Amino acid sequence: SSRRRHTRLVSDWSSDVCSSDLGMIHGLGAYRDRDKYLKRSKAILDGMEQLIHDILQISKLEQHTFEPALERVNLSNIIQDAIGRAAFFAEQKRIHLKSDIMPNAQITADPQLLEKAVYNIIHNGITHSDPGERVVIGLTEDRDSNACILTVLNTGTRIPDHKLHKVFDPFYRPEESRSRNNGGSGLGLYLVISVFDALSRS
């Protein structure tokens, strides 16, 4: 049920945050060097606002009374705008962005929700790429199904096939230590699937 999912979400979040903070407070393991991990502690605190925002938005999306504000939107423009927003983050990580977006793709969707989902997918591809790699964003049309297909491919980093079904789980990390260093709330792709679930109900 929706209530059980919310309880699990908060439980996962509490465990994720508290395990790091308790290690630092008590000087356990790698956290013995408190000065070294002061920046990490600040990053955790700074990220909590976004995390809480994501949890509240997911909670809203999962309510069956929620109704997206549907209208005709230009998906091509939304994707191009998302790429532009992500460009600075990619530049900081020395990730090369490449895109091949079909022009003027029109669909019916909630523009704000769609913008959030598209940006999260692209941002996730950048986040989990190593410096010097590429993230390739594409938008094509499947004429047989009359559907638009968005692809985001990153080079260098690969999730094993047996773990692919977990990537949309909240707080899932394919490589625990590496993903922690990459930052993020851990809810980006879970929010994406929540957006598309809400849109599919409308």
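**Notebook: surface, fold, pocket and selected residues**

I began with the surface: the protein exposes about 12400 Å², and carbon and sulfur atoms supply 52% of it. Accessible areas come from the Shrake-Rupley method with a 1.4 Å probe, and for residues only the protein chains shown count as cover. I note that this is a predicted model, in which local features need pLDDT of at least 70 and side-chain atom pairs count only at pLDDT 80 or more, while totals for chains, interfaces and linings use all residues. Residues are numbered from 1 along each chain as its sequence is written, and side-chain values use heavy atoms, with hydrogens and water left out.

**Fold**

I looked up the secondary structure and found 6 helices and 5 strands; helices (H or I, at least four residues) and strands (E, at least two) are DSSP runs, numbered from the N terminus. The order of the elements from the N terminus is α-α-β-α-β-β-α-β-β-α-α. I then checked burial: 34% of the 202 residues count as buried (under 20% relative accessible area, with exposed over 50% and partly exposed in between; 1.4 Å probe, protein chains only). Of the contacts (heavy atoms within 4.5 Å) with a separation of 6 or more, 73% are between residues 24 or more positions apart.

Ile55, in helix α2, is buried at 13% relative accessibility. Its C-alpha lies 8.0 Å from that of Leu187, although 132 residues separate Ile55 and Leu187 in sequence. Gln63 sits in the loop between α2 (38-61) and β1 (71-74) and is partly exposed at 38%.

**Second largest pocket**

I examined the second largest pocket, which holds about 280 Å³ of space. On a 1 Å grid over the protein atoms alone, a pocket is an open set of points where a 1.4 Å probe fits, with protein on both sides within 12 Å along at least five of seven lines; lining residues have an atom within 4 Å of a point. Grid points are joined across faces, edges and corners, and the volume is the space filled by probe spheres set on the points. The lining has 15 residues, and Leu75, Ile107, Leu114, Phe196 and Leu199 lie nearest the centre. At least two lining residues come from each of β3 (106-109), α4 (111-127), β5 (147-154) and α6 (188-201). I recorded the lining as 13 nonpolar, 2 polar and no charged residues; Ala, Val, Leu, Ile, Met, Phe, Trp, Tyr, Cys and Pro count as nonpolar, Asp, Glu, Lys and Arg as charged, and the others, Gly among them, as polar.

**Salt bridge**

I searched the whole structure and found 1 salt bridge (a side-chain nitrogen of Lys or Arg within 4 Å of a carboxyl oxygen of Asp or Glu). Arg143 pairs with Glu141, their closest N and O atoms being 3.9 Å apart. Arg143 is exposed at 69%, whereas Glu141 is partly exposed at 37%.

**Positive phi values**

I looked at two residues other than glycine with positive phi. Arg94, with phi near 60°, lies in the loop between α3 (75-92) and β2 (96-101) and is exposed at 55%. Asn146, with phi near 55°, lies in the loop between β4 (134-142) and β5 and is exposed at 64%.
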